[in-house]
Amino acid sequence: MSAISPPAERIWWKQPIDKLEFIWIAIAFVWSLVMFVMMVYWHIAGGQNLSNETYKTTKEMFAAKTQAVVDKYTVRTGTDAEKQFPVVKPPAGSDIYLIGRLWDWWPIYELEKGKTYKLHLSAMDYMHGFSLQPQNINIQVHPNYEHVVKITPNQSGTYSIVCNEYCGIGHHTMVGRIYVK
Amino acid sequence: MATTYRICPRSGLQFDTAAEKLMRWNAVAGVLALLLGGIMALGVILTRWPAVHLLPADQFYLALTSHGVNMLLFWIIFFEMAVLYFASSTLLHCRLATPKIAWAGFWLMAIGAVMTNVAIFQGESSVMFTSYVPMQAKPHFYLGLILFAVGALIGCFVFLGTLVVAKAEKTYEGSIPLVTFGALTAAIIAIFTIASGAVILIPTLLWSLGYIREIDTIMYRIVWWAMGHSSQQINVSAHVAVWYAVAAIVFGAKPMSEKVSRSAFFLYILFLQLASAHHLLSDPGVGSEWKVVNTSYFMYFAVLASMIHGMTVPGAIEQAQRAKGYNKGLFEWLRKAPWGNPAFSSMFLSLVGFGFLGGISGVMMGTEQLNLLIHNTIYVPGHFHATVVIGTTLAFMGLTYFLVPVLFRREVLFPGFAKLQPYLFGLSMYAVALVMMGAGTLGVSRRHWDMAFAGAGMAYEWPGAAYLMMGLTGIAGVVAIIGGGGWILQIVFSLLFGKRLDEGETRSTPIPLTLPPQTGAHAAHVGTPGTMVLALVFLVSFILYYFVNWKYLSSLWGMA
């Protein structure tokens, strides 16, 4: 009698459980609870939680809001190496808007280290993937949804935003930039 | 409805002739999908190997789409149909319910698989396996998937019908075998999966035909993944059942406790389907409470189930081996295992790799906040090559070594290569999974044609270590393709040219399964200290890796 035959004991559910097997189940159960609690605990005490603030939007509405921030806070026009995108330096604590579209992240932001910003993310066409490097923070970006994420850069430097959701033939050229000073 | 029953002289198993033919055709169709998916894998891996960078972008995305669909759906589900028919009609000694309808299911699956592949190779449906809206494929891409799913659904119901037949015709006594119970778990999850697939793919088909204006992207991801992830849970249930089956076939191993193993399968039925949340942890629009409850399969009860199987399968082997006298020390039972028997070595490599590489990485990336670290990076395919390729494909390959003589009645050719193949394929796939996870930890994207960002205005420069990892992915991937391709050639040659083995007796009535008389005396209890030590090593690795990633997360930009 083995696992490919019916159980030899008809009343198999009354067979006692092996001691080591039982200990292992108990350990695994406790570990499962620890892992569950960790996620809840991090919401209370951790510094990295993805915001749940989301709004329905339209491409036109989101583009208009982004344009308004760009018009207000642009400090210079980017060089050729920056695709001549506007470089925008918003005040600390403000709302900033980032557009994902085939195949750019627009515009370029200049942020201050240690200051908090409300980053609004949305896509203009397909889904895109916001992958901040070399930090390695990865967020899915949907069209018609506006996701508001509070970010606080903790190190200065030049950061790239790689697109890591497949978005067609030019996907690999979709890289944007954020400066932190 | 008269059928005949063949008693296999090598295994003593009894095959309903109608079911046997279905098993063979389904297994062969699966292997053909594996062959196509494997050829595509070569194109994918040689392109992602930065020093080679073989294909142009359009062909790369086409190959990747085909690779995903053929491997994750067609290969595995065809093979699972064979496993379902085996676990019902063969193990229960009964006739297959409605073989004609089962054939209709098979042909629907076959037509669907061909149709979707045609759509992909026509070149305008390179939308990846996931076909996220609003990127649109041609209508026959979706239609093929729907036909395939309907065919598979029919197969699941034929399986359930066969259980009813066996019960009604009293072909067995007591409860169904554990392996059949595992297959039943797989079938129940499959029905949920396929229904979810229909719920999302039918509107998507109508959208691609122009009858529906828009499909909501978040809804698509939630419902699609109820198919996409749950279909991998069919695999988990099926390959765990195969582990138990191989342990039983090779060692005569008896489950440590029927109660525990069956309860663990039952936990799968209750909780595994929640996993579509794993794919939405870094998405807007769904709340943290939903994410936490679902991603953890409601407090990790499905992980608990896998940890139970992870101990009870080797535990059953240890008990069987110790009962045979391999009692020295903690590990004599394992050292003296038949490491040259490819059915066993495949199964054991599958078990260890699934647990250590696939399981631990899966729980890490399925943690709500930790997912931010790896979402859409090549860590994700690293994880699922450990679960699906090492876990499922390798287990199925191992089972096939047993099935060639028993089901196909041919001798396995090249037995020397057969001894090596599980190590060649399995260990190189361990390496593939590890280096992909390494590259993903450094941030390298999945589904990305060029990590050098040729033509990008503001290219990012990956660290040298990322290039090294992707180079190693290429090398290990090519070795794995040699190991997998070698297996396909070996099986195909054995089926075509292997020595024919004698069929055994054919009868017109099945021999029912009877239980031995209950004597009341229990066999002496055998402990499993070796397995416990292995389980604790696993636990320590799990805990360390889990908390290292929290440490990494805590160093990132603040987010709230």
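Predicted model: local features only at pLDDT ≥ 70, side-chain atom pairs only at ≥ 80, totals over all residues.
Colleague: How many residues of chain A are in contact with chain B?
Modeller: Contact is made by 74 residues of chain A with 89 residues of chain B; two residues are in contact if their C-beta atoms, placed from the backbone, lie within 7 Å.

Colleague: Which element gives the largest share of that side of chain A?
Modeller: That is α1(A), with 16 residues. Helices (H or I, at least four residues) and strands (E, at least two) are DSSP runs, numbered from the N terminus.

Colleague: And how do the residues of that side divide?
Modeller: There are 37 nonpolar, 29 polar and 8 charged residues on the side of chain A that touches chain B. Here Ala, Val, Leu, Ile, Met, Phe, Trp, Tyr, Cys and Pro count as nonpolar, Asp, Glu, Lys and Arg as charged, and the others, Gly among them, as polar.

Colleague: Which strand of chain B does β10(A) pair with?
Modeller: β10(A) pairs with β4 (residues 558-559) of chain B, in the antiparallel sense over 2 bridges. A:Thr152 has B:Gly558 as its bridge partner in β4(B). Two strands pair if DSSP finds at least two bridges between them.

Colleague: Turning to chain A, what does β12(A) pair with?
Modeller: β12(A) runs parallel to β6 (residues 108-111) of chain A, joined by 3 bridges, and A:Leu111 has A:Val180 as its bridge partner. With β11(A) the pairing of β12(A) is antiparallel, over 6 bridges; there A:Tyr159 stands opposite A:Ile178.

Colleague: Is A:His128 buried or exposed?
Modeller: A:His128, in strand β8 of chain A, counts as buried because it has 31 C-beta neighbours inside 10 Å. The cut-offs are 20 or more other C-beta atoms within 10 Å for buried, 12 or fewer for exposed, and partly exposed in between, with C-beta atoms placed from the backbone.

Colleague: What does A:His128 touch?
Modeller: Leaving out residues up to four places away in sequence, A:His128 touches A:Gly100, A:Ala123, A:Val141, A:Cys163, A:Glu165 and A:Cys167.

Colleague: Now chain B: what is the strand order in its open sheet?
Modeller: The order is β2-β1-β3, with antiparallel pairing of the 3 strands. β2 (14-16) and β3 (506-507) of chain B are at the edges, each with a single partner strand, so one side of each has no neighbour in the sheet. Between β1 (residues 5-7) and β2 of chain B there are 3 bridges, and B:Tyr5 stands opposite B:Asp16.

Colleague: How do α10(B) and α12(B) pack?
Modeller: Helix α10 (residues 297-323) and helix α12 (residues 342-365) of chain B pack at about 165 degrees, their axes 11 Å apart. Axes are lines fitted to C-alpha atoms, for helices over the stretch in contact, and angles run from 0 to 180 degrees between N-to-C directions. The two helices, α10(B) and α12(B), are therefore roughly antiparallel to each other; angles under 35 degrees count as roughly parallel, over 145 as roughly antiparallel, 65 to 115 as roughly perpendicular and the rest as oblique.

Colleague: Which residues of α10(B) meet α12(B)?
Modeller: B:Val303, B:Ser306, B:Gly310, B:Val313 and B:Pro314 of α10(B) meet residues of α12(B), including B:Leu351 and B:Gly355.

Conventions. Residues numbered from 1 in each chain as written. Chains lettered and ligands numbered in written order.
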